[in-house]
Amino acid sequence: MAHKMMQGKVVVVTGAGGGIGRDMALALAAAGARVVVNDIGTSTSGEGTDAGPAQQVAADIRAAGGQAVANTDSVAGAASAARIVQCAMDHFGRIDGVVNNAGILRDRIFHKMGLDEWDAVIQVHLYGSYHMSRAAAGHFKEQGSGAFVHMTSTSGLIGNLGQANYSAAKLGLTALSKSIALDMQKFNVRSNCIAPFAWSRMIGAIPTDTPEQQARVARIQQMTPGKIAPLAVYLLSDAAREVNAQVFAVRNNEIFVMSQPRPLRSVHRSEGWSPEHIAEHAMPALKASFVPMDRSADVFSWDPI
Ligand SMILES: NC(=O)c1ccc[n+]([C@@H]2O[C@H](COP(=O)([O-])OP(=O)(O)OC[C@H]3O[C@@H](n4cnc5c(N)ncnc54)[C@H](O)[C@@H]3O)[C@@H](O)[C@H]2O)c1
């Protein structure tokens with residue numbers, strides 16, 4: 001039998017009871033990994049819990065001849081996230097990869113966004129990814145290897161309406177990933193992000209009030225969650241040993257490497273700047289390089305291919 005890409009590795013996938021996480025867990029198991037299928041089985045907005053989805057996906061993996069264990073601890077607390085990582089140690093004796101995929105949405109136009117909505121989304125996406133990464137980092141350092149994949153979003157990388165909480169968490173997550181990559185490079189630990197586009201129940205929350213919005217949703221429906229899994233498997237494998245601190249996007253059959261902020265243009269004045277000089281000289285010069293008020297859908301505006 002041909003050597004499988006993830007043979008011998010143990011990977012935790014959070015939020016793997018459905019959507020993109022489920023397909024990543026299935027693909028990782030098919031590639032030979034032993035998988036901790038984590039999911040609290042909550043609604044898109046994070047209300048309620050159900051052990052069913054995680055158990056079902058673990059059962060699906062085992063039925064297909066793979067190895068998996070279900071876990072229903074939340075990523076959003078330090079102690080419970082540590083239990084998810086410990087679950088990998090207890091069942092499989094090691095941990096080689098973490099996919100930070102668990103997520104919820106509480107969309108609200110900014111001036112109406114409540115602290116509870118802000119906090120719930122930041123807790124799951126940003127704190128959850130921190131807790132999971134922090135819990136695995138010690139094991140990764142000790143064994144001199146490990147890989148993180150964090151699911152970010154073009155809502156954070158580019159922008160979107162009514163998602164200040166989610167965008168802040170997802171862009172924060174890319175900085176977390178870069179920081180982990182920098183800090184842990186010397187221990188042979190890698191950290192990369194994927195901004196997925198996939199039709200899932202989460203995207204079902206996109207408004208369909210106008211014909212334009214309806215057409216957009218119809219296009220997104222072609223992008224099945226399984227399209228994200230191959231890149232995640234690759235990034236967790238040793239084949240990706242040279243790939244670190246990058247942000248990718250996947251949209252149907254297209255894979256992108258995304259830019260990360262760098263200076264675009266500068267103006268210099270040896271006497272220094274007054275507010276008036278900035279108005280008269282600096283801004284007119286810099287304006288040509290201003291980034292437009294794009295939302296994700298303005299940048300990714302063509303039909304998925
Ligand atoms: N679908 C897309 O187009 C898209 C776009 C950009 C980013 N993403 C990101 O991809 C990831 C997966 O999203 P999806 O579209 O598959 O959505 P999904 O709702 O199907 O999956 C998210 C899963 O996370 C689980 N979850 C929520 N809170 C949790 C917690 N505290 N602990 C453990 N599990 C928890 C949910 O039960 C759910 O099964 C998310 O991080 C999302 O932000 C998705």
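Visitor: Which residue forms a salt bridge with Lys-9?
Guide: In this predicted model, the partner of Lys-9 is Asp-238, and the closest N and O atoms of the two are 3.1 Å apart.

Visitor: Where in the chain do Lys-9 and Asp-238 sit?
Guide: The pair links distant parts of the chain, 229 residues apart. Lys-9 belongs to the segment before strand E1 (10-13), while Asp-238 is in the loop between helix H8 (229-236) and strand E7 (247-251).

Visitor: Is Lys-9 buried or exposed?
Guide: Lys-9 is buried, because its relative accessible area is 13%, under the 20% limit. Asp-238 has 43% relative accessibility and therefore counts as partly exposed.

Visitor: How many salt bridges does the structure hold?
Guide: There are seven salt bridges in the structure. One of them joins Arg-106 to Glu-47, with 3.9 Å between the closest N and O atoms.

Visitor: What about Arg-295, which residue does it pair with?
Guide: Arg-295 forms a salt bridge with Asp-298, and their closest N and O atoms are 2.9 Å apart. Arg-295 counts as partly exposed at 32% relative accessibility. Asp-298 is partly exposed as well, with a relative accessible area of 34%.

Visitor: Let us turn to the ligand. Which residues come nearest to the ligand?
Guide: The ligand has 28 residues around it, and those that come nearest are Ile-20, Asp-39, Asn-101, Tyr-166 and Ser-200.

Visitor: What lies 2.9 Å from an oxygen atom of the ligand?
Guide: A polar side-chain atom of Lys-170 is at that distance from a ligand oxygen. Arg-201 also places a polar side-chain atom 2.9 Å from an oxygen atom of the ligand. In the case of Gly-103, a polar backbone atom is 3.3 Å from a ligand oxygen.

Visitor: How much of the ligand does the protein bury?
Guide: The protein buries 96% of the 830 Å² that the ligand exposes when taken alone.

Visitor: Which elements give two or more residues to the shell?
Guide: Those elements are helix H1 (19-30), helix H4 (115-143), helix H6 (164-184) and strand E6 (189-197).

Visitor: Now the surface. Which residues form a nonpolar patch there?
Guide: Trp-273, Ile-278, Met-283 and Phe-290 form that patch, and together they have about 350 Å² of accessible area. Phe-290 is located in the loop between helix H9 (275-287) and helix H10 (296-299). With a relative accessible area of 48%, Phe-290 is partly exposed.

Visitor: What does the side chain of Ser-80 reach?
Guide: The Ser-80 side chain reaches the backbone oxygen of Gly-77, at 3.3 Å.

Technical notes. Residues numbered from 1 in each chain as written. Predicted model: local features only at pLDDT ≥ 70, side-chain atom pairs only at ≥ 80, totals over all residues. Heavy atoms only, no water. Near = heavy atom within 4 Å. Polar contact = N/O pair within 3.5 Å; in protein donor to acceptor, adjacent residues only side chain to side chain. Areas by Shrake-Rupley, 256 points an atom, 1.4 Å probe, with all protein chains shown as cover. Helix = DSSP H or I, 4+ residues; strand = E, 2+ residues; numbered from the N terminus. Patch = residues over 30% accessible without salt bridge, like charges linked within 9 Å, V, L, I, M, F, W, Y side chains within 5 Å. Salt bridge = Lys/Arg side-chain N within 4 Å of Asp/Glu carboxyl O. Buried < 20%, exposed > 50% of the residue type's maximum accessible area, 1.4 Å probe, protein only.
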